[in-house]
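Work through the exercises below with the sequence and the coordinates open beside you.

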Amino acid sequence: MSHDLLEAERKHLANLLEAIQRCVFFLHESESKHAWPLAGAQLVIRKKDVALFESLAAINERFAKLQDTLAAAMRHSALLMGEPTDSFLRVLAHFEKLGVIDSTSDWQRSRAARNLAAHDYETDYDDIAEHFNALHELTGMLYAAARRLTDSCWQTLQIGPVSADFSTEFGRITAQWGAQAA
């Protein structure tokens, strides 16, 4: 890999790390608009509340975007660490071993919840509330992975987010979720 190509790969990871910080910030802000857990009865009463359902749609989108960006950053940082990246399960196993994620099964559970939101158009308000409550419960796992991955990239590759625009908020939001990776 020539120096320019290596620098381009490092810059790509730095951009992904900043995107993770931005995703955490906006997901946290969207979630903070609601009292958790949601109840189906509340959603029935407010079923034509556009602001409420736009906010819930934003949570769906931001949760998915955070998980997708984390996955891309994990794969890319594993590549820069010289780890095999031919299958994402191997990438997950690597980051489970480093302590970035607690378990591959937790990651897959989160992925399943994300996929249900993307492909299922539920009309039962109890089920809708249950879905968003599940996302809310899984958000802490994504925040922890985001914090630990950012720390791991700095410790092993000396690569941080391309700018500090969201670093303060990211640090504040994830402080309660992520212990440093091993």
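**Exercise 1. Is His 12 buried, partly exposed or exposed, and where is it found?**

Solution. With a relative accessible area of 39%, His 12 is partly exposed, where buried means under 20% relative accessible area, exposed over 50%, and partly exposed in between, with a 1.4 Å probe and protein chains only. His 12 is found in helix α1, helices being DSSP runs of H or I with at least four residues and strands runs of E with at least two, numbered from the N terminus. Between the C-alpha atoms of His 12 and Ser 77 there are 9.7 Å in space, although the two are 65 residues apart in sequence.

Before going on, note that this is a predicted model, in which local features need pLDDT of at least 70 and side-chain atom pairs count only at pLDDT 80 or more, while totals for chains, interfaces and linings use all residues. Residues are numbered from 1 along each chain as its sequence is written, and side-chain values use heavy atoms, with hydrogens and water left out.

**Exercise 2. How many helices and strands does the protein have, and what is its radius of gyration?**

Solution. The protein has 7 helices and 0 strands, giving the pattern α-α-α-α-α-α-α along the sequence.

**Exercise 3. Describe the largest nonpolar core and the contacts of Leu 149.**

Solution. A nonpolar core is a set of buried Ala, Val, Leu, Ile, Met, Phe, Trp, Tyr and Cys residues joined through side-chain atoms within 4.5 Å. The largest one has 46 residues, and those with the most contacts inside it are Ile 20, Leu 66, Leu 70, Trp 107 and Leu 149. The greatest contribution to this core comes from α6, with 13 residues. Leaving aside neighbours within four places in sequence, Leu 149 is in contact with Ile 20, Leu 70, Ala 73, Met 74, Ser 77, Phe 95 and Val 100.

Notes. Contact = heavy atoms within 4.5 Å.
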